[in-house]
Amino acid sequence: MLSKIIEEALNKQIKIEAESSQIYLAMACWAEVKGLEGVAGFMYDQSQEERDHMLKLVKFVNERGGHAQVSALAAPNVTFEGFREMFQELFNHEVFVSDSINELVHISLQEKDYATHNFLQWYVSEQIEEEAMARTILDKINLIGDDKGGLYLFDRDIQQLSVTTASAETPE
Ligand code: OFO
């Protein structure tokens, strides 16, 4: 059975994952209308992953005697100065999510809720991967600079990156 403190903390994370999904969906739309098909595909996949992260939490809360809350979400940014700024925002957001997961892990230990602590380890590893991927992408973008040909190749290759990441993940 979840304590009220843990239930509230997990519900807060459910909202964060739902907002992450919306943030990346807005990025997918922006990239799609700009003609960046590869980037759009990557962002659609990210958006779906965040929804999966949210659902995993929802199921956990309900299964352990809590009540998962579906709440109103903050509206995401829908326009970006450029694709570099957009990926910087993605990276910053992942760092924010990692901090939030770390805080949750901390609360689970304070509450001596070892089942939740164990469950959260999946999110800890996932955040390491997501931050690393975002950092790799930013490095590539910095290499490209303003080179149009580079952007074309980046847009083509990033789809491959999301396919590789998706297939490396174990289905739940
Ligand atoms: Fe839910 O992992 Fe990214 O934010």
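Analyst: Let's start with the contact itself. On the α2 side, F42, Q46, E49, E50, H53, K56, L57 and F60 meet A115, T116, F119, W122, Y123, E126, E130, M133 and I137 of α4, where contact means heavy atoms within 4.5 Å. Sorted by class, the contact of α2 with α4 has 9 nonpolar, 3 polar and 5 charged residues. For that sorting, Ala, Val, Leu, Ile, Met, Phe, Trp, Tyr, Cys and Pro count as nonpolar, Asp, Glu, Lys and Arg as charged, and the others, Gly among them, as polar.

A word on ground rules: this is a predicted model, so local features need pLDDT of at least 70 and side-chain atom pairs count only at pLDDT 80 or more, while totals for chains, interfaces and linings use all residues. Residues are numbered from 1 along each chain as its sequence is written, and side-chain values use heavy atoms, with hydrogens and water left out.

Now the geometry. Helix α2 covers residues 37–63 and helix α4 residues 114–144; they pack at an angle of about 170°, with their axes 12 Å apart. That makes α2 roughly antiparallel to α4, the label for angles over 145 degrees. The axes are lines fitted to C-alpha atoms, for helices over the stretch in contact, and angles run from 0 to 180 degrees between N-to-C directions. The helices themselves are DSSP runs (H or I, at least four residues), numbered from the N terminus.

Leaving aside neighbours within four places in sequence, Q46 is in contact with Y24, E130 and M133.

Not counting residues up to four places away in sequence, E37 touches E32, D155 and Q159. E37 and I158 are 121 residues apart in sequence, yet 9.7 Å apart in space, C-alpha to C-alpha.

I158 also turns up around F87, which is in contact with V39, F42, M43, I137, L138, I141, F154 and I158, again setting aside neighbours within four places in sequence. F42 and I137 are on both lists: they belong to the α2–α4 contact and they touch F87.

That leads to the nonpolar cores, meaning sets of buried Ala, Val, Leu, Ile, Met, Phe, Trp, Tyr and Cys residues joined through side-chain atoms within 4.5 Å. The largest has 25 residues, and V39, M43, F87 and F154 are those with the most contacts inside it. Two or more residues come from each of α1 (4–33), α2, α3 (83–110), α4 and α5 (148–168). A second, separate core of 21 residues includes I6, L10, F119 and L120. In soluble globular proteins, nonpolar side chains tend to be buried together.

K4 forms a salt bridge with E7, the closest N and O atoms being 2.9 Å apart; the term means a side-chain nitrogen of Lys or Arg within 4 Å of a carboxyl oxygen of Asp or Glu. K4 is exposed at 58% relative accessible area, whereas E7 counts as buried at 9% relative accessibility. E19 and K15 meet in a salt bridge too (3.3 Å, N to O), and they lie 4 residues apart in α1, about one turn of the helix.

Technical notes
Parallel < 35°, antiparallel > 145°, perpendicular 65-115°, else oblique. Buried < 20%, exposed > 50% of the residue type's maximum accessible area, 1.4 Å probe, protein only.
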